[in-house]
Amino acid sequence: MHKIPSSEITPEHIYRSRRRFLREVGALAIAGLGIAACGNTANTSPVPTPGPVSRKTDELGDPLNTYQQITTYNNFYEFTTHKEYVAQVARNFRTSPWTVSIGGLVHKPQTIAIEDILKRYPSEERIYRLRCVEGWSMVIPWLGFPLHRLLADVEPMASARYVRFETLYDPEQMPGQRDRWYNWPYVEGLRLDEAMHDLTILSTGLYGNLLLPQNGAPLRLVVPWKYGFKSIKSIVKIDLVAEQPTSFWMAAAPHEYGFYANVNPDVPHPRWSQATERRIGEFERRPTLMFNGYADQVARLYAGMDLRANY
Amino acid sequence: MPGWICERTIEGGERGAFVYSLFYSLTADWSEAYMAVSDMRSNSPGEARTRPNWIHLIHLAGLAPLALLAWDAFAGSLTVNPIQYLTQRTGYAAILLLIASLVCTPLSVVSGWKRILALRRPLGLYGFLYAALHMLIFTALDFGLNISLIVQEVAEKRYILVGTTALLLLAPLALTSTKGWQRRLGRSWKRLHRLVYLAVPLALVHYAWAQKSDIRQPLILGALVAVLLMLRVPAVRRRIEAWRRAFGGVSAADGSERTPARGARGR
């Protein structure tokens with residue numbers, strides 16, 4: 001494949017306006033034919049505009065993905081298994097009132113309203129790569145706070161070794177949960193040292209805005225060196241536990257998904273290439289980095305561990 | 001295009017490229033089917049040829065997946081990961097069309113409607129077309145023809161290996177789908193084309209293994225294919241034909257000749 005020189009790449013505002021033009025022409029044509037109902041372009045709800053970000057790239061120099069890309073391509077099976085429809089299905093999801101209960105093996109269990117979480121833990125911007133196990137990736141400017149700050153406030157007991165997270169279970173609002181093929185609610189887990197790592201955040205927003213439902217509003221986990229499915233969305237429950245929790249995907253396909261799910265180009269997955277990935281918005285595949293490029297910060301957590309056995 | 005022109009073109013270009021043959025047989029096929037049906041209906045093909053024929057509608061089914069993708073591209077709804085989307089959509093179209101091609105023979109056995117048999121070839125060829133596009137998107141767009149990466153993928157992932165096998169089994173069938181090849185191969189043509197009974201189940205295994213966890217859809221399609229293959233077992237087929245003769249009307253719905261009660265014919 002030839003590399004396309006950057007001078008030949010159409011700037012975003014131009015191709016956007018071309019697409020808008022095409023779309024408007026298309027919409028006009030449809031209206032003219034009197035079948036406006038078929039035009040899925042005509043009734044899309046307005047996407048909120050992205051707020052300010054501090055930088056345009058991640059620390060490796062790769063550009064941020066656009067707000068549109070981040071908010072229209074989502075794996076969130078609670079709503080639908082079609083990534084491109086999640087935003088539409090989730091648009092009326094109620095994120096207030098919302099409480100998160102933190103308990104289990106802690107000295108100070110608490111139930112906190114999301115408004116209090118936002119007040120108590122001021123958010124900072126973290127630009128992270130998100131590598132999906134399906135072989136695609138994005139660079140996302142999250143807003144959030146380190147999980148260890150919340151854990152310090154509940155004072156884990158000495159016997160606590162893992163953190164278990166749970167997503168809201170509400171089939172009324174989350175139609176995907178009516179499908180009994182999967183074992184709802186979604187559960188994820190981290191070893192306590194992984195949870196205490198400074199890269200691990202609870203996110204409340206991205207691109208300067210509060211999270212949209214499709215991205216896991218109002219509160220989600222982000223663990224940038226693990227495959228995306230570890231970063232559980234719309235959390236209502238956080239428990240400190242002694243035993244390793246069984247995650248949603250471990251239960252659904254134990255041979256494919258392990259507890260650790262660290263991004264690792266050397267451990268193949270039966271379905272997707274883990275040696276390479278496609279950055280959303282790019283044409284060519286790029287090599288996947290060990291621990292998604294965060295090896296310097298996190299490799300020590302797994303010193304002496306067989307990462308093939310503990311996938 | 002009249003059938004005889006195509007026929008001659010294919011004969012003349014028999015050593016021509018594979019794609020050439022594929023596209024000619026796609027276009028040649030409907031005219032051949034058209035001629036066959038015209039002959040059935042009337043002894044003067046010239047008169048019949050002027051009448052529109054429902055068999056042409058099969059091209060709507062065959063081209064609909066491409067048209068839908070073109071519409072998606074126009075409407076900007078190929079998602080932000082268009083290569084994955086195109087791969088999945090072409091693969092799904094291939095499977096549906098191949099299954100449709102397997103429906104024809106049992107449907108004809110049950111109904112006695114012989115004209116349906118003319119649909120097997122265009123449906124099978126359209127199915128192969130989408131399977132080939134699916135492979136092309138995977139190798140050229142997704143992996144940029146990076147041979148070492150592709151080899152690694154095929155070797156590492158059993159679902160890709162199975163899918164590749166299915167496509168390789170279909171390729172000779174597409175190549176030899178013309179009347180010329182049918183004549184040249186004689187009885188072995190039929191035997192060769194029974195490879196589709198292996199290729200379609202393999203394509204479904206490929207589809208099932210490509211799912212994250214939920215394999216309900218490939219299972220349903222697999223059950224359908226199992227029934228379609230069972231109806232081809234000569235004993236089952238003879239019994240159905242006997243029932244049809246015993247309980248059915250005097251002539252078939254379209255007035256065409258009934259299928260004779262012998263063993264399975266090709267697809």
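## Helices α4 and α6 of chain B

In this predicted model, residues B:Ile58, B:Gly62 and B:Pro65 of α4(B) meet B:Pro122, B:Leu123, B:Tyr126 and B:Tyr130 of α6(B). By class, this contact of α4(B) with α6(B) has six nonpolar residues, one polar residue and no charged ones.

Helix α4(B) covers residues 58-75 and helix α6(B) covers residues 120-142. Their axes come within 10 Å and cross at roughly 10 degrees. Angles under 35 degrees count as roughly parallel, and α4(B) and α6(B) are therefore roughly parallel to each other.

## Helices α11 and α12 of chain B

On the side of α11(B), the contact is made by B:Tyr197, B:Val200, B:Pro201, B:Leu204, B:Tyr207 and B:Ala208. On the side of α12(B), the residues are B:Pro218, B:Leu221, B:Gly222, B:Val225 and B:Leu229. This contact holds 10 nonpolar residues, one polar residue and no charged residues. The spacing along a helix follows a general rule: an α-helix has 3.6 residues a turn, so residues three or four places apart point the same way.

## Helix α5 of chain B

Helix α5(B) runs over residues 82-111, a stretch of 30 residues. From its first C-alpha to its last it reaches 42 Å, which is close to the 44 Å expected at 1.5 Å a residue.

Where does α5(B) have a kink? The kink lies at B:Cys104, shortly before the proline B:Pro106, and amounts to about 25 degrees. After the helix comes B:Gly112, which has a positive phi near 75 degrees.

## The sheet of chain A

Chain A has an open sheet of five strands, in the order β2-β1-β10-β5-β6, with mixed pairing. Its edge strands are β2(A), residues 110-113, and β6(A), residues 187-191, each of which pairs on one side only. From one strand to the next, the twist averages 15 degrees. In general, strands of a sheet pair through backbone hydrogen bonds, either parallel or antiparallel.

β1(A) and β2(A) run antiparallel and are joined by four bridges; they form a hairpin with five residues between them. β1(A), residues 99-104, also pairs with β10(A), residues 235-241, here in the parallel sense over four bridges. A:Ser101 has a bridge partner in each neighbour: A:Thr111 in β2(A) and A:Lys237 in β10(A). Further along, β5(A), residues 162-167, runs antiparallel to β10(A), and six bridges join the two. Within this pairing, A:Val163 stands opposite A:Leu240 of β10(A).

## Where the chains touch

How many residues does each chain bring to the contact? Chain A brings 27 residues and chain B brings 20. On the side of chain A, the elements that give two or more residues are α1 (12-33), α2 (67-72) and β11 (276-279). Among these, α1(A) gives the most, with four residues.

The residues on this side of chain A divide into 11 nonpolar, eight polar and eight charged.

Terms used. Residues numbered from 1 in each chain as written. Chains lettered and ligands numbered in written order. Predicted model: local features only at pLDDT ≥ 70, side-chain atom pairs only at ≥ 80, totals over all residues. Expected span 1.5 Å × (residues − 1). Bend = angle between axes of the 7 residues up to and from the residue. Pairing = 2+ DSSP bridges. Contact = placed C-beta atoms within 7 Å. Nonpolar A, V, L, I, M, F, W, Y, C, P; charged D, E, K, R; others polar. Axes fitted to C-alpha atoms, helices over the stretch in contact; angles between N-to-C directions. Parallel < 35°, antiparallel > 145°, perpendicular 65-115°, else oblique.
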